Amino acid sequence: MTTAHFSLHPLPPPRVILKAPLPAHNSTNGARRRIINPPCMVCSNGGQSQSQSQSQSQSQSPDDYHATLKALNSKGRTPRKSLGQHYMLNNEINKHLARAANVEEGDVVLEIGPGTGSLTHVLINSGAIVLAIEKDPHMAAIVSERFASSDRLKVLKEDFVKCHIRSHMMSFLGSIKSLNHSKSRYAKVVSNIPFNISTDVVKLLLPMGDIFSEVVLLLQEETAVRLVESSLRTSEYRPINIFVNFYSDPEYKLKVPRTYFFPQPNVDAAVVTFKLKQAAEYPQVSSIKSFFSMVNSAFNGKRKMLRRSLQHICTSLEIEQALGRFGLPATSRPEELTLDDFVKLHNLIAKE
């Protein structure tokens with residue numbers, strides 16, 4: 001099969017301004033918190049000569065439009081839609097991802113889908129020791145060759161959603177600690193992930209608070225808002241909101257325009273942070289497995305009352321009585337219950 005090359009277009013993507021982010025959404029209580037805005041970035045010469053501007057750009061942004069195409073063409077690659085490949089062209093966004101995770105010297109960082117290595121470059125320059133997992137063997141070769149002289153990167157050619165990430169991380173952390181390279185007990189996740197695996201990645205990582213202290217992801221904006229904003233009585237309030245808040249404290253940080261990616265997707269993106277909880281901080285339920293089984297059952301059937309959707313667990317009357325014990329009406333529906341409400345309901349039903 002012949003692989004086509006991308007031609008190197010003479011003009012970069014449209015010049016845009018990174019606007020200040022929307023107020024952050026705190027999914028725990030619905031409050032909006034102020035966040036620190038990143039510097040306003042205007043892609044213009046700002047009074048400098050063209051040669052000065054180009055020189056400064058080349059020294060500060062080794063992963064711009066032309067460099068990205070050059071890296072892809074070196075392996076005869078084109079971005080694969082099936083893998084959700086969209087490469088970040090604005091290095092300031094990569095820096096913001098690293099800052100959001102407070103990446104420092106000696107931190108161990110997991111990166112999912114490093115692509116051409118633009119974010120990897122920022123993480124290593126911040127002092128991190130990076131484990132990168134890349135499904136595309138050609139991209140794995142590109143990032144491996146780019147950092148061949150660095151001892152701060154290990155690349156695994158695997159599908160993240162299918163690999164044994166816990167085993168990989170435990171082995172990686174063990175090897176680093178034996179060399180006294182890591183300063184922290186916990187690792188971090190910083191990634192610009194393919195939009196089509198966002199939910200899978202979140203479900204895999206958030207329960208791993210024993211390994212990771214925080215997860216910082218660049219997601220499709222709609223997904224970011226849906227995961228972080230847990231407003232009751234809306235069609236967007238789903239079991240994933242309960243899951244996210246059970247295992248973490250999420251925060252929406254920054255909207256990222258679609259024009260900063262190559263190829264340009266049809267949607268904007270957003271940076272989201274998840275501060276992972278330790279097991280002792282999880283809501284107290286008798287069984288996590290049975291708790292989420294109950295939550296998923298509760299949401300099966302559009303706008304179905306809990307006394308009907310949970311009949312396989314106990315009788316309708318018992319469910320009504322359990323709801324009444326913490327002040328909820330007998331006709332309650334799942335989209336009307338908070339995480340705390342579901343915890344109380346589960347523990348009452350489990351005891352009965």
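Axes are lines fitted to C-alpha atoms, for helices over the stretch in contact, and angles run from 0 to 180 degrees between N-to-C directions. Helices (H or I, at least four residues) and strands (E, at least two) are DSSP runs, numbered from the N terminus. The model is predicted: local features need pLDDT of at least 70, side-chain atom pairs count only at pLDDT 80 or more, and totals for chains, interfaces and linings use all residues. Residues are numbered from 1 along each chain as its sequence is written, and side-chain values use heavy atoms, with hydrogens and water left out.

**Exercise 1.** Describe how the axes of helix H9 and helix H10 cross, and list the residues that meet.

Solution.
- Step 1. H9 covers residues 239–247 and H10 covers residues 288–299; their axes come within 9 Å and cross at roughly 155°.
- Step 2. Angles under 35 degrees count as roughly parallel, over 145 as roughly antiparallel, 65 to 115 as roughly perpendicular and the rest as oblique. H9 and H10 are therefore roughly antiparallel.
- Step 3. The crossing of H9 and H10 is right-handed. A crossing is left-handed if the near helix is turned anticlockwise from the far one by less than a right angle, and right-handed if clockwise.
- Step 4. On the H9 side, Pro239, Ile242, Phe243, Phe246 and Tyr247 take part; in H10 they meet Ile288, Phe291, Phe292, Val295, Asn296 and Phe299. Contact means heavy atoms within 4.5 Å.
- Step 5. Sorted by class, this contact has 10 nonpolar, 1 polar and no charged residues. Ala, Val, Leu, Ile, Met, Phe, Trp, Tyr, Cys and Pro count as nonpolar, Asp, Glu, Lys and Arg as charged, and the others, Gly among them, as polar.

**Exercise 2.** Describe the packing of H7 and H9.

Solution.
- Step 1. The axes of H7 and H9 are 10 Å apart, at an angle of about 35°.
- Step 2. The crossing of H7 and H9 is left-handed.
- Step 3. Thr199, Val202 and Lys203 of H7 make the contact with Ile240, Phe243 and Val244 of H9.
- Step 4. By class, 4 nonpolar, 1 polar and 1 charged residues are in the contact of H7 with H9.

**Exercise 3.** Describe the packing of H3 and H4.

Solution.
- Step 1. H3 and helix H4 (residues 118–125) have axes 9 Å apart and pack at an angle of about 50°. That makes H3 oblique to H4.
- Step 2. The crossing of H3 and H4 is right-handed.
- Step 3. Asn91, Asn94, Lys95, Leu97 and Ala98 of H3 meet Ser118, Leu119, Val122 and Leu123 of H4. The classes in this contact are 5 nonpolar, 3 polar and 1 charged residues.

**Exercise 4.** State the strand order of the open sheet of 7 strands, and find the strands at its edges.

Solution.
- Step 1. The order is E6-E5-E4-E7-E8-E11-E9, with mixed pairing. Two strands pair if DSSP finds at least two bridges between them.
- Step 2. The edges are E6 (153–156) and E9 (248–256); each has a single partner strand, so one side of each is left without a neighbour in the sheet.
- Step 3. From one strand to the next, the twist averages 20°.
- Step 4. E4 (residues 108–112) and E7 (residues 187–192) pair in the parallel sense over 2 bridges. Leu110 stands opposite Val189 in E7.

**Exercise 5.** Locate Pro263 and Asn102, and describe the backbone at each.

Solution.
- Step 1. Most residues other than glycine have a negative phi, and most peptide bonds are trans.
- Step 2. Pro263 lies in the loop between E10 and strand E11 (269–276). A cis peptide bond joins Phe262 and Pro263, with omega about -10°.
- Step 3. Asn102 lies in the loop between helix H3 (91–100) and E4. Asn102 is not a glycine, yet has a positive phi of about 50°.
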